[in-house]
Amino acid sequence: MHSNEKKKKTGFARLLELSGRKKRKLIAACMLAVLSSAARMVPFFTIYGIVAMLISAHLDVRSVPQDRIMFLAAVTLVAVLIYGVCAYLSSALVHTAAYDIIFELRIKLMEKLAKIPSGFFSGTTQGAIKKIVSDDTEQIEVFVAHHICDIAAAVAMPVFTLLYLFIMDWRLALVTLVPIVISLCLLGVCLAKPDKAALQVEMHDAQEAMHGTIVEYIHGMSVIKVFNRTLQAFERYERDLNGFVNAVTKTAKANKKPMGAYYAFFGAQLMFLVPASLLIIPTAKSYIDFLPVVFLFFLVGGGLKEPLEDMMTMVISTGSITEGIKRIDHILYQEEIGEEGQGNPREYDVTFENVTFSYTEGTNAVENVSFHLPQGTITGLVGPSGGGKSTIAQLLLRFYETKAGSIRIGGVDIKEIPPSRLTGIVSYVFQDSFLFHDTVENNIRMGDKKSSKEKVIQAAKNAGIHDVIMALPKGYDTVIGEKNAYLSGGEKQRIAIARVFLKDTPIVILDEATAYADAENEAKIQAAFAGLAKNKTVLIIAHRLKTVEKANRILVMNKGELVGADTHEKLLTECAMYKDMVSANERRDKWTIKTGGVA
Ligand code: ADP
């Protein structure tokens with residue numbers, strides 16, 4: 001573990017490590033980029049040669065060596081062609097490499113997200129994850145596709161060009177370097193600022209917060225509409241947008257002077273070359289010899305600027321990219337729920353022994369809870385909202401690790417059971433069933449990818465949803481959410497029940513829905529639940545006590561503690577909380593609206 005920690009690269013080294021996954025393509029692309037840059041510089045020198053010949057023949061226009069001029073013109077044309085072809089091939093190669101890299105990285109991130117404990121997701125908003133998987137990986141594409149080759153070209157070309165310029169006239173070559181050196185110093189000042197990294201962190205944080213609220217805003221759109229709230233009323237959204245604007249403005253303000261001066265000097269070769277040339281002219285052997293050299297420096301001074309500028313742009317953006325990579329690695333280096341366990345239960349009773357768990361330090365969502373669910377029985381789990389019912393279910397699925405105590409299936413601690421095996425033993429019908437934008441058949445098949453169509457149909461029949469599916473425009477091939485193929489909440493839940501029928505696990509957790517309580521749907525869902533529960537260890541999180549009155553046992557949770565565990569009849573006499581809940585339920589079932597108020 002320790003040696004692994006040591007090997008972890010960060011910053012620019014990590015950026016190259018991630019980019020190095022397509023080494024061969026990238027090396028080929030860089031070589032082509034160097035070649036294209038070399039070819040791009042050739043016209044500067046051939047034009048210089050032509051100008052020099054024209055000037056030296058100024059006294060007799062007929063003495064112009066036309067064949068040599070034509071030769072240089074042909075070289076120019078060939079160089080332009082080589083430049084075009086090499087630049088095209090380099091760009092094509094580097095872009096395919098870049099997209100391959102982000103494709104693999106995104107797959108790796110998605111696979112990782114599936115393996116890390118769900119607790120990670122409660123601390124990280126969906127928007128932040130979206131930003132990391134989508135935007136931060138995109139920055140790597142930008143780096144690979146647009147900067148790696150620039151570095152190769154930017155290092156190789158100025159070196160050769162400067163050497164040539166020094167041979168032509170070392171004084172003007174030095175003058176050409178002056179604005180570049182000044183701007184590099186200014187850039188250094190900007191990059192060395194102690195708060196630079198902090199500003200990048202602030203900007204990424206603000207961006208993640210903004211993405212988070214955008215996702216939340218979209219999810220909450222219906223609520224906003226129902227309550228006729230305006231954008232301004234969605235305060236957090238507005239605040240996070242402003243937070244991002246402020247972070248960007250702060251970074252821009254912190255850099256505006258050195259960066260402004262940097263850009264001004266970087267392109268200011270002529271500002272130095274013109275007066276320097278005027279000063280040097282008196283020392284030149286002849287005006288005719290010197291003029292083409294000055295002309296060459298004027299031309300090449302600008303050409304030198306471009307590759308160096310590309311490199312500087314890359315250096316400037318490295319801060320943001322490395323911060324993005326840090327966040328990508330924050331996901332990639334998360335500890336996974338290990339697959340190393342060897343546990344393979346043969347029995348399917350469930351035991352919670354002194355289980356304690358907390359989402360946040362200091363408050364336990366579940367405290368010292370012990371109970372036993374015998375195989376082949378139905379147990380109800382009731383209690384006021386926030387009592388810890390869903391947490392119990394999620395602990396059994398090992399979405400989170402317990403803080404203390406143990407959870408066992410057939411006597412085997414769930415920490416010893418590899419997660420892939422655990423999901424084959426326990427299934428969970430969520431209250432708010434999630435359906436993917438895919439066909440009904442594939443949505444049911446999530447329960448068991450290899451199932452035949454016949455089995456899918458049988459599962460749908462068992463869940464009482466087959467007729468509804470057949471009434472859809474394309475039956476089982478209907479894509480949910482497309483062309484008016486919508487399902488009600490209760491119908492969605494029955495699709496989720498069909499998934500569990502197909503999966504056919506020995507332990508089932510059902511989260512009974514209250515939201516879809518129209519009489520017809522309710523009866524169908526109850527019938528599906530009853531079918532599903534046969535011969536299995538079943539835990540039903542019940543919001544309406546009537547659902548579990550006949551269960552073998554009912555567990556009553558309140559404020560994270562188990563305050564009762566018995567049959568309905570016994571709890572009525574022995575558990576005050578249960579008795580209160582039953583009376584409250586009865587009152588709720590009886591209430592009607594009368595003129596003058598609620599009775
Ligand atoms: P129930 O299902 O009985 O309504 P829960 O198990 O959802 O109760 O919640 C138990 C407690 O844990 C509550 O105080 C709730 O606020 C808290 N809680 C639930 N989920 C989270 C979470 N993801 N992060 C932090 N606290 C949570």
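Predicted model: local features only at pLDDT ≥ 70, side-chain atom pairs only at ≥ 80, totals over all residues.

User: How are helices α3 and α4 oriented relative to each other?

Analyst: Helix α3 covers residues 23-56 and helix α4 covers residues 66-115, and their axes lie 7 Å apart at an angle of about 160°. Angles over 145 degrees count as roughly antiparallel. Therefore α3 is, relative to α4, roughly antiparallel.

User: Which handedness does the crossing of α3 and α4 have, and how many nonpolar residues are in their contact?

Analyst: The crossing of these two helices, α3 and α4, is left-handed. Sorted by class, their contact has four charged and six polar residues, and the nonpolar count is 27.

User: What about α6 and α7: how are they oriented to each other?

Analyst: Here helix α6 (residues 126-168) packs with helix α7 (residues 170-192) at about 140°, their axes being 6 Å apart. Among the residues meeting are Leu162 and Phe166 of α6, with Trp170 and Leu177 of α7. The contact has eight nonpolar residues, with no polar and no charged ones. As for orientation, α6 and α7 are therefore oblique.

User: Nice. Which strands are at the edges of the sheet?

Analyst: Four strands make up an open, antiparallel sheet, ordered β2-β1-β4-β5. An edge strand pairs on one side only, and here those are β2 (366-373) and β5 (412-413).

User: And which residue is the bridge partner of Glu353 in β4?

Analyst: Strands β1 (residues 350-357) and β4 (residues 404-409) pair in the antiparallel sense over five bridges. In β4, Glu353 is partnered by Ser406.

How values were computed. Residues numbered from 1 in each chain as written. Heavy atoms only, no water. Pairing = 2+ DSSP bridges. Axes fitted to C-alpha atoms, helices over the stretch in contact; angles between N-to-C directions. Parallel < 35°, antiparallel > 145°, perpendicular 65-115°, else oblique. Left-handed = near helix turned anticlockwise from the far one by under 90°. Nonpolar A, V, L, I, M, F, W, Y, C, P; charged D, E, K, R; others polar. Contact = heavy atoms within 4.5 Å.
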